[in-house]
Amino acid sequence: MIKDMEIVPIWDSMGQPSIKAVVKTEDGVFSASSPNLVTGKNEFRFLDSNSAVKKFQEVKNNFIGTDEHSYDIVDDKLNKIGFNNIGANVSAAISKACVKA
């Protein structure tokens, strides 16, 4: 069960700003990062690190209490919120952190 979540700014291996999702569950703390990179005009929007942290605060409560092992539920919630609303980088990091949990 997800007890808490946060998005924190980090630096990637190339020295570029990025984000990391931290998922806190009854079994421990799990994290995953995602780059802030857009390579094509048809890709989902990525948010810069500061915007990602702020925007996630608006939707964080949608995930509290969710079974982190129910990947389809987590991903469905991300889809309903909208990848362009919270950023594809935030969506990918949250999804990956839940898989690690």
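Helices (H or I, at least four residues) and strands (E, at least two) are DSSP runs, numbered from the N terminus. The model is predicted, so that local features need pLDDT of at least 70 and side-chain atom pairs count only at pLDDT 80 or more, while totals for chains, interfaces and linings use all residues. Residues are numbered from 1 along each chain as its sequence is written, and side-chain values use heavy atoms, with hydrogens and water left out.

The chain contains four helices and three strands, arranged from the N terminus as β-β-β-α-α-α-α. The radius of gyration of the chain is 13 Å, close to the 13 Å given by the globule rule for 101 residues, so the chain is as compact as a globular protein of that length. This radius is taken over C-alpha atoms, and the globule rule is 2.2 Å times the number of residues to the power 0.38. Along the principal axes, the C-alpha atoms fill a box of roughly 35 × 25 × 20 Å.

Of the 101 residues, 38% are buried (buried means under 20% relative accessible area, exposed over 50%, partly exposed in between, with a 1.4 Å probe and protein chains only). Contact means heavy atoms within 4.5 Å. Among contacts between residues at least 6 apart in sequence, 52% join residues at least 24 apart.

S91 belongs to helix α4 (residues 88–100) and, leaving aside its neighbours within four places in sequence, is in contact with L78, F83 and I86.

Four salt bridges are found in a search of the whole structure; a salt bridge is a side-chain nitrogen of Lys or Arg within 4 Å of a carboxyl oxygen of Asp or Glu. One of them joins K60 and D4 (2.9 Å, N to O). This pair links distant parts of the chain, 56 residues apart: K60 is in the loop between α1 (49–59) and α2 (71–81), and D4 is in strand β1 (residues 2–11). K60 counts as buried at 16% relative accessibility, whereas D4 is partly exposed at 26%.

A salt bridge also joins K24 and E6 (3.5 Å, N to O). K24 lies in strand β2 (residues 17–25) and E6 in strand β1, so the pair ties together parts 18 residues apart in sequence. K24 is partly exposed at 28% relative accessibility, and E6 is partly exposed at 29%.

In the salt bridge between K80 and D76, the closest N and O atoms are 3.3 Å apart. K80 and D76 are separated by about one helical turn, because they are four residues apart in helix α2. K80 is exposed, at 66% relative accessible area, while D76 is partly exposed at 34%.
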